[in-house]
Amino acid sequence: MNSLIFRTIAPLIVAVMLVFSVYVCLRGHNEPGGGFIGGLIAASAMAILGMSSGAAEARRALRIDPLAIAGFGVFIAGFSGLLSLFTGSPFMTSIWLYLELGQTSVPLSTPMVFDIGVYCVVFGTISAVALALEGGEEEP
Amino acid sequence: MGFGMDASIALVAIAPFVAALLAPFIHRLARPYAGWVLALVPGGIFLFLLTLIEPVVAGGTVSASIGWVPAYGLELSFLVDGLSLTFALTISGIGTLIVLYSGAYLKTHPHLGRFLGFLLAFMGAMLGLVLADNMLALFMFWELTSVTSFLLIGFDHTRQAARRGAIQALVITNIGGMALLVGAIVVHHLTGSWELSALGGEVRGSGLYGLVLGLFLVAAFTKSAQVPLHFWLPNAMEAPTPVSAFLHSATMVQGGVYLLARTTPWLGGTEAWTWILVCFGGATLLWGGLGALRQNDLKQMLAQTTLASLGLSVLLIGLGTEAAIAAMLLYFVAHAFYKAGLFMVVGAIDHEAGTRDITILGGLADRMPVTFIGAAMASLAMIGLPLTLGYFAKEEMYLGLMHWQWSDMAVLLVLLAGNAMLAGVAMLVLVRPFLGPVLPTPKLAHEAPIAMLAGPVVLGAASIVASVMTDWLGHTLVEPGAAAILGEAVSSHLTLAINPASPLLWLSIATWALGYLVYRQAAAMRTLLRRFGAGLGWTADTVFDAVMFGLIRFSGAVTRLLHHGRLEIYLATVFVGLALALIVPLGVFNGYGALLPNADLGNWSAKLSWPQLQPYEWGVIALALIGLGAVLLATNRLVAILALGIQGTAVALIFLMFGAPDLAFTQFMVEVLSVVILALVMTRLRLDELDQRPLEDLARDGTLALVCGVGVSLLLMVVLSGTLDTRLSDLFTATSVPIAHGHNIVNVILVDYRGFDTLGEISVVMAAGIAIMALLRRRAKPAVPAAPAPRRRRKAAP
């Protein structure tokens, strides 16, 4: 992938895709989208970055090992389910919290945390696989 | 009982586990005194249990229960009655001394903290086992004793013999654990209760009594090492001596004896029960006694006498008379005291003199006077001389057989022989190392430290004190314990008075005399028994090895069969499975005729018509067909992968047109990523760009693909021809906004209604990711210059 155009444009595309992936993830509860799709978009972005700048560069940009992100995702997804135990409800009962910010009300909920966990798992796992395939050697 | 009592009794079983977790840190902080600090835990438990004697002796039981899984009616319930209190007091009391002893015995060992942790966890499991009332709690603690004893026996894990002993103990006792679980489930099925205290005669009367009896006996016999499942016990002697002193005196192996005593009220008393227990117990008694005389290693001798003692206990429970049960209880305490003491003495000898071989030890009494006193008190109890607990135990067991029937006489002879051998071994253990001429030892022997002397001396003294206080002993130990086992009030009649007219006295004297004979002829008997053993050729031990190696070979063969490493056969297997899963159920449930066009349709080909589609719909279908055609025709693999992506994109467009935006969205992303990843894999594997499969491979793969495709199409047609049950989707549509606050039902299902499934799925994704990374790393190795580098250098390379 030595095309100059691709290498120049790729970081821009990647940035837009990453922002869009977060948007898709967060709007998922009411519109098409969700953590799974968001994670796939973000993973595609990482794959593009890996192709254009090299896997090592993509890893550096990510800062955190992608598998660690995936593991964190499983953790917060499970953790969001455990929260309801403190209210005396069964595992994974959803809890909703409405945050009043001036004019608008921002709904926060445990399913949202759960969806973010799904996002992290999908993003982390697929990025890890893609980057490992793109780069010959891995960083420890 | 109030919450306070519930919590404290639960704490008896739980506190040792907490202490076990803290043990390594305490060891680090209080290095030379770790044993003293940690002994506070079992010591405290012992003192607490002492306060329960009063209510139990008064005829009551103390029960405690805390919720465990209330949804299934499971309670972590405990019951303290005469039987469990006797066991729990003995376990915690001896446990205190053993922890002290271990602190000194392994003083310089770097992993003493870990060892003490295992020991405390084991004690907690054992206490839970004897206090549990709920059968599932009993099972859990039972298995915990197996696991923790595995850790203890294999503590010295760099030695192969220790590992083997540990695995053997784990395998054998786990077989028993499984039997116990199944037995508990059957009993629950019969009676509807998980609580031991709630069980009555209904099990004995049911048709499944034989099954329940068999399962519980397997559990008890594996744990208590009855012939022919006895062989793990001597091999468990690979553990450090404090472990043997604890496991094989008052705890682990007594678990089976406890289970038998505990189940006596609702399982015992039948003819089968009596016969099986008496026969197996008697056989184990004699086998262990003879086995002890074969050995010259002090520890092995004691291990074999433990077998004999276990057999004796099982036999007594089998007899089930009032005197036999009283004898069993007295014998349990007496045996726990003297056996723990003797093991500790042997450990001290080994520690200070450097050997345990009875043939090269002698005259240690001068150098280790306190150890000698401890050994003397324990051995005299083992011989059963008056003024020890062992005396009463022996008197009681003979008393139960004074009926002059041939069966009683036979049992009496077995008991006499067994007790004589035990007495003989006790004399050997006392006299050979300590008396006689001083023999040179590998280490210059000197007195053991106080923490190692406390055990034998305290236990020996306690044995003597308890035997003097006969009334108190009968009142607090025998009566409540026997009442708990027999289910009726029992009165004790222990007395120190010696009655020369009683046959009991003469039986005791006969035992001692025979024991002395055994002692005198020990060397000759050892030679004889060894010759006999060598002539036998195989033992249960070798059978165990054969079975284990057979298992390993079998699993190796199965693995080689399934895991051959040829990717195309794996894939073919998967798709053949898929095809079968698609076609066979369709045929079985609907009849294969249903797969053909229905006869009612008449001339069905005339009814087909050209579908009325919009131009853009034709466009999408054309796209899918172009993609499909390109996949089939492409000889270049990269082109085929791209074409597959085109076909998938067309499918995603169809989803979009039919109102499944989420699905389409996902499908788009999956197509893009799979093209990217497949292309990357291809370059990574350095596959040839051209697809050069021979014709028969193409035919095989093509056929499989066709069958799978037809199967999926048929399945969809069958699904669509039926009426869909829309109850669930109606429910989701109706409740998505009011309950789950979401308008996107697909997402609401994923993260809320079916969130648990999703949690499982993302865990699988994560696990698959880790597996892929592992594979990729392995692939990366041969890519390193193929020059044969020496092993050391390759390891050092980053």
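Hi everyone, let's start where the two chains meet: 38 residues of chain B are in contact with 42 residues of chain A, where contact means C-beta atoms, placed from the backbone, within 7 Å. Before going on, please keep in mind that this is a predicted model, in which local features need pLDDT of at least 70, side-chain atom pairs count only at pLDDT 80 or more, and totals for chains, interfaces and linings use all residues. Residues are numbered from 1 along each chain as its sequence is written, while chains are lettered from A and ligands numbered from 1 in the order in which they are written.

Back to the side of chain B that touches chain A. Two or more residues each come from α29 (661-685), α32 (745-753) and α33 (755-783) of chain B. Helices here are DSSP runs of H or I with at least four residues, strands are E runs of at least two, and both are numbered from the N terminus. The largest share, 15 residues, belongs to α33(B). By class, this side of chain B has 25 nonpolar, 10 polar and 3 charged residues, with Ala, Val, Leu, Ile, Met, Phe, Trp, Tyr, Cys and Pro as nonpolar, Asp, Glu, Lys and Arg as charged, and the others, Gly among them, as polar.

Now chain B as a whole. Chain B holds 34 helices and 2 strands, and its C-alpha atoms fill a box of roughly 115 × 70 × 55 Å along the principal axes. Of its 798 residues, 43% are buried, that is, with 20 or more other C-beta atoms, placed from the backbone, within 10 Å of their own.

Last, a helix in chain A: 24 of the 25 residues of α5(A) are buried. Thanks, everyone!

How values were computed. A residue is buried if 20 or more other C-beta atoms lie within 10 Å of its own, exposed if 12 or fewer, and partly exposed in between; C-beta atoms are placed from the backbone.
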